[in-house]
Amino acid sequence: MYAQMVQSTGKGVKSSEDMTPEERAFQARIDAGEKIEPKDWMPPAYRKNLIRQIGQHAHSEIVGQLPEGNWITRAPTLERKAILLAKVQDEAGHGLYLYCAAETLGVSRDDLTEMLLDGRMKYSSIFNYPTLNWSDIGAVGWLVDGAAIINQVPLQRTSFGPYARAMVRVCKEESFHARQGFDAIRKMADGTPAQKRMAQDSLNRLWFPALMMFGPPDKDSPHSAQSMAWKIKMNTNDELRQKFVDQTVPQIEFLGLDLPDSGIQWNEEHGHYDYTDPDWSEFFDVLKGNGPCNVDRLAARNKAWDDGKWVRDGLMAHAKKKAAAKVAAE
Amino acid sequence: MKNEWPLWEVFIRGQHGMSHRHVGSLHAPDAEMAIKNGRDVYTRRNEGLSIWVVESNHIAASSPSDKGPLYEPSESKVYRHPTFFDIPDEVGAM
Amino acid sequence: MSTPLKRDEAFLQFLLRMGDNTLILGHRVSEWCGHAPVLEEDIALANTALDLIGQTQFWLGLAGEVQGEGKSADDIAFLRDVWDFRNLLLVEVPNGDFGHTLMRQFLFDAWHSIQLGRLLKSSDARVAAIAEKTAKEVAYHLERSADTVVGLGDGSEESRRRMQEALDYLWPYVGEMFQSDDVDAAMVAAGIAPDPASLRDEYDALISRVLAGATLTIPDSRFGHKGGRTGKMHTEHLGHLLTQMQWLQRAYPGANW
């Protein structure tokens, strides 16, 4: 998802006998549904994994501003412009909440930012795909935020208090995102032949990248077990992906669009939709930096950061002068 | 050179005469900007009327291991809670 | 001066001036979304842009009403060409660096807040109502942009240099805000809006105070570019802005979005 390939530092889940007394007490608290707070004792690997996961999640929100921001100046009505701007602004807010949650673990936002900018930390693969027509704005809200909600709703119960609280705030705002997206693409699907064509094009292009958001298949996610034991991951990738497909297929039918995958079929026996797996080699290529927009996205973030340095430093210099003048006056 | 804006904790009073509640944190060069940033970041949906900010490193916090000594004694003082007392219905509202 | 303008024609021009200012500046500010120097500023700039877009809906909505041709605010925003726009040149100049953007914002906010203060007493109840609603938003814009101009002006050596450059570049666009023409004369006569020239003293006092706090020097020249609010001569930049802003409406006429 927004943290798709967090490399766990642990060596699998320790059995209760192998744990130190502190680790055992820690695991018992998590098993009892207690929240871990920043000043509580925690295993170093828990801290490290969380920093990576929350950091990746935050980076995804920030980089995620770019594909949608791409259409702010071309939004077709004043109302759509305002909605889209408010939505992309919310993504900045989500990034901010998440960075703050990560900061409680003893890492600074600037450090995390620099790790994003020089490629040491990742962000979700989905934001390395382009937004090419207006309908993509609808599709991103509907599919990408829809997928994000499926991932984030359970994370409101995650074991780390600041992360869980950030997720509560994010989820409250996220349903606006998915709804505005569905509303926008619905207008397109019900519109002129050209608009309908845009809607279909968006769905076809973004469907498989949206499925990839949940991360690789469970059989290829060896690190999930520890994260799940620590309740920093609440469901497996495949569970969430299936939930997304089951939820979205009827919506595609409601819109009157063609299914983007000929393998989609209701499976009576399992009570779920069957679907074709995305091309996982493409997914790993995107993660490695070879997606259609990786270079542009990172260049845009680097430019904003570099161009903004004098502003950050200038305002800080002013604050220091003011503080010094205040001390001198006392 | 590291020149990061300090971290601030933001407390907001909701619309209905409640006390200020911690809503999250943000970065700002000074207190005035922290209040403005608090307004822009944390009241985008009419969440508040009054904002407090305090630099995070000025918050003194109890340490988790004190949890027992700090809070457990009050658990035994059940008489502090109004439901401890049985007031007959005919006495009316109290 | 030729024959006095009909009141409704002048009123329409006045409303376009108000609405085009907020439309074009809102568009410019929205270009920052995702690219600001720090997350908190990104969010704050988006709030400003959102306010301006909302204000545009009020002003251009009323313009459509006064015009009486059944046009919506969207029709007016998305289906006019450069020569029909009535915004100040100041708001259409490109963003430049963050310093240019904030200096432009401050120079506009200062005028905007004074103007709206006068419009609260407009003889037209609809204008007064829009002023009432938007003046609060603009008061905050001014507070924020003024503080940022002071912070960056009286900040580091580099930030001070950049802010002075921004002021020098933008200063020739300030004078246009205070030029009066027959549209304004008709608005004054009808009690709808103040004479722009009458705002200058208050404006100068306000910006002098802030720019002094910012340790910046106001250029001596009183030369002012003009042509935006009359529509006689915009900058080359406006056409490019419109090609983006209006593209979908132009390429797919009559579609619902």
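This is a predicted model: local features need pLDDT of at least 70, side-chain atom pairs count only at pLDDT 80 or more; totals for chains, interfaces and linings use all residues.
Then I asked which helices of chain A make up the side that touches chain C. I found that α3 (65-69), α4 (78-103), α7 (161-189), α8 (193-212) and α12 (294-329) each supply at least two residues. The largest share comes from α4(A), with 14 residues.

On to the extent of the A–C interface. I have 45 residues of chain A in contact with 49 residues of chain C. The area buried between the two chains is about 3900 Å², and carbon and sulfur atoms give 70% of that. I also checked who contributes on the chain A side: A:Leu78, A:Gln89 and A:Trp310 supply 21% of the area that chain A buries against chain C, more than any other three residues.

Last stop, the surface of chain B. I picked out a nonpolar patch of about 680 Å², made by B:Tyr79, B:Phe84, B:Phe85, B:Ile87, B:Val91 and B:Met94. I took a second look at B:Phe85, which lies in the segment after α2 (67-75) of chain B. Is B:Phe85 buried, partly exposed or exposed? I put B:Phe85 down as partly exposed because its relative accessibility is 46%, and that class runs between 20% and 50%.

Note on methods
Residues are numbered from 1 along each chain as its sequence is written. Chains are lettered from A and ligands numbered from 1 in the order in which they are written. Side-chain values use heavy atoms; hydrogens and water are left out. Patches are made of residues with over 30% relative accessible area and no salt bridge: like charges are joined within 9 Å, nonpolar side chains (Val, Leu, Ile, Met, Phe, Trp, Tyr) within 5 Å. Accessible areas come from the Shrake-Rupley method with a 1.4 Å probe; for residues, only the protein chains shown count as cover. A salt bridge is a side-chain nitrogen of Lys or Arg within 4 Å of a carboxyl oxygen of Asp or Glu. Helices (H or I, at least four residues) and strands (E, at least two) are DSSP runs, numbered from the N terminus. Buried means under 20% relative accessible area, exposed over 50%, partly exposed in between (1.4 Å probe, protein chains only). Contact means heavy atoms within 4.5 Å. Buried area is the accessible area (1.4 Å probe) that two parts lose on being put together, summed over both.
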